[in-house]
Amino acid sequence: MFEKLDGLKKRFSELNELIVDPNKVGLKEWQKLTKEHADLEPIIETYNKYLKTQSNFEEAKELLQSETDHEMKLMLEEEIQNCKENMEKLEEDLKILLLPKDPNDDKNVVMEIRAGAGGDEAGLFGYELRRMYQMYADAKHWKYENIDENLTELGGVKEVTFMINGKGAYSRLKYESGVHRVQRVPETESQGRVHTSTVTVAVLPEVQDVEIEINEKDLKIDTYRSSGAGGQHVNKTESAIRITHLPTGMVVTSQDERSQIKNREKAMNVLKSRLYDYYQTQADKEYAANRRMQIGTGDRSERIRTYNFPQGRVTDHRIGFTLYSLNNFMNGDLDEMIDALALADRNAKLSNSNN
C-alpha cells in the first residue's frame, strides 16, 4: 500500500506543475488533469498526515532511549502511544481512500419504475415510489425531470421514466435498483386483508456522447400524438417520439415535452444510458455475476426491500437493515437507509481488498 502511496504522491507533484497553465496542455486535457488532481488531493493530504505522525513517532522513540528524567519519559511514552493510535486510524482511512471508485458516481441518473405483480395496487405503489424519489431529489437540491409515463386508470404507474440531475446523484441512488415489495391493505380491499405487490426500479447512469456512439442507421424513429396532458395541443401535433434501436430491439419513448426536438433529445439520452448498461454487462460476464452479489448494484430481479405499512417499517434485505419510520421514508427521507447501504458496500470492498 505504501509503495502505491509513494507513487501517487509523486504523480500529485507532477500534476501540481501541469495544471498551473491550461494553455500549455489545452483546455480538455487540463480539465482531465484537474479532476485527477482533485481526486488525489484527499489521499495525499491523509498520507502526509500519516508521514508526519510517523516522523513524530520515530523521533519520540529515539528521545525515549536517551531520556533519564522520569516525567519526560512519561510524556514521551504518552506521545508514542498517541502517535501509534493516530497512525492506525490514518492507515484505515488510507485503505478506504484507495478503494476503487465507481466511475459513474458523479453522474446524473435515469430511473425507470415498472409495476410488477399485484395489479392496480402495484401501479399505485409505483406512483408513490416516484413521488418518494422526487422528494428526495428536492431535498438534495437536484433537478427532477420527467421523460415518459404510462399510467393506469386509477392514476398508478404501468411504467415511468425520469431523470435526476445533480452531482453525486448516481452515487446515492444506485442502491435503489431491484424489486421493491409492498405489504398493505389496498383501499379497494373491503375485508381488510393485507396484499403483497411488487415494483421494479432500474437506476442507470446518464451517459455522455463521448462514451457511446449510436449509428443513425440502427435507429427507427416514429412520431405520434402524446397521450398525456396538454389540451388541444395533444390533438394537433405529433410531438411524442418513439425510438427503436434495431440491433438490440430496445424501445424508448418520450412524450413529456411539447417540442418534438426536446422529446427526441430526452429519448436519446435514455437510449444511450440503457445501451451503455447493456454493452457493459455483455462485455464482462464476470462483472455481471459479481454485480448480483454486491450491495446496490445487483440483479434487478432481486427483491431488495419490503415496505410493510401495517407495521410502519421498511426493511432492506441485502443488509438486514430496518427503519420504523415508513411515513418519513415515503416522503423522501432516504439518507439513513442509503448511508447504511453505502457503509455495507464500503466494508465489503475493504474485506475483499484485504483477502
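Which residues does G312 touch, not counting residues up to four places away in sequence? Select G312 and look around: L323, Y324, S325 and L326 are the ones it touches. Keep in mind that this is a predicted model. G312 sits in the loop between β9 (303-308) and β10 (313-316). Draw a distance from its C-alpha to that of L326: the two are separated by 5.1 Å, although they are 14 residues apart along the chain. Colour by accessibility, and G312 counts as partly exposed, because its relative accessibility is 23%.

**Whole chain**

Zoom out. The protein chain has eleven helices and eleven strands. It holds 355 residues, and 41% of them are buried. Its accessible surface comes to about 20000 Å², with 47% belonging to carbon and sulfur atoms. Now show contacts between residues at least 6 apart in sequence: 61% of these join residues at least 24 apart.

Colour by pLDDT next. The chain averages 84, and 88% of the residues score at least 70. Residues 229-235 fall below 50, and beyond near neighbours in sequence this stretch has eight contacts in the model. Select residues 286-300 as well: pLDDT stays under 50 there, and the model has 32 contacts for them beyond four places in sequence.

**Helix α4**

Select residues 70-97, which form α4. How far apart are the end C-alpha atoms of this helix? They are 40 Å apart, and this agrees with the span of 40 Å that 28 residues should give at 1.5 Å a residue. Step back to D69, which caps the N-terminal end of α4. One of its side-chain oxygens lies 3.2 Å from the backbone nitrogen of E71.

Now pick out the buried positions along α4: L76, I80, C83, M87, L90 and L94. What do the buried residues of α4 pack against? Show α1 (2-18) and α3 (27-66); these are their packing partners.

**The largest nonpolar core**

Select M111, I113, L129, Y133, I164, L173 and Y307. Of the 33 residues in the largest nonpolar core, these touch the most other members. The largest share, six residues, comes from α5. Apart from this core lies another, of 20 residues, among them L5, I44, Y50 and C83.

Centre on I113. Leaving aside its neighbours within four places in sequence, its contacts include G126, L129, R130 and Y133. Also in contact with I113 are V157, V160, F162, V199 and V201, among others.

Move on to H141, in the loop between α5 and β2 (143-151). Check its backbone torsions: H141 has a positive phi of about 60 degrees although it is not a glycine. Is H141 buried or exposed? It is exposed, because its relative accessible area is 73%.

**The loop between α6 and β4**

Go to E176, which lies in the loop between α6 and β4. At a relative accessible area of 1%, E176 is buried. Show side chains: a polar contact of 2.7 Å joins those of E176 and Y133. Leaving aside neighbours within four places in sequence, E176 is also in contact with M111, V201, V203, I304, R305 and I338. Draw one more C-alpha distance, from E176 to T200: they are 9.5 Å apart in space and 24 residues apart in sequence.

Finish at S177, in the loop between α6 (169-173) and β4 (178-184). S177 is buried, with a relative accessible area of 5%. Which backbone atom does the side chain of S177 reach? Show the backbone nitrogen of V203: the side chain of S177 reaches it at 3.0 Å.

Technical notes:
Residues are numbered from 1 along each chain as its sequence is written. This is a predicted model: local features need pLDDT of at least 70, side-chain atom pairs count only at pLDDT 80 or more; totals for chains, interfaces and linings use all residues. Side-chain values use heavy atoms; hydrogens and water are left out. pLDDT is the predictor's confidence in each residue, from 0 to 100. Contact means heavy atoms within 4.5 Å. Helices (H or I, at least four residues) and strands (E, at least two) are DSSP runs, numbered from the N terminus. Buried means under 20% relative accessible area, exposed over 50%, partly exposed in between (1.4 Å probe, protein chains only). Accessible areas come from the Shrake-Rupley method with a 1.4 Å probe; for residues, only the protein chains shown count as cover. The expected span of a helix is 1.5 Å times one less than its number of residues. A polar contact is a pair of N or O atoms within 3.5 Å; within protein, one must be able to donate a hydrogen and the other to accept it, and residues adjacent in sequence count only if both atoms are side-chain atoms. A nonpolar core is a set of buried Ala, Val, Leu, Ile, Met, Phe, Trp, Tyr and Cys residues joined through side-chain atoms within 4.5 Å.
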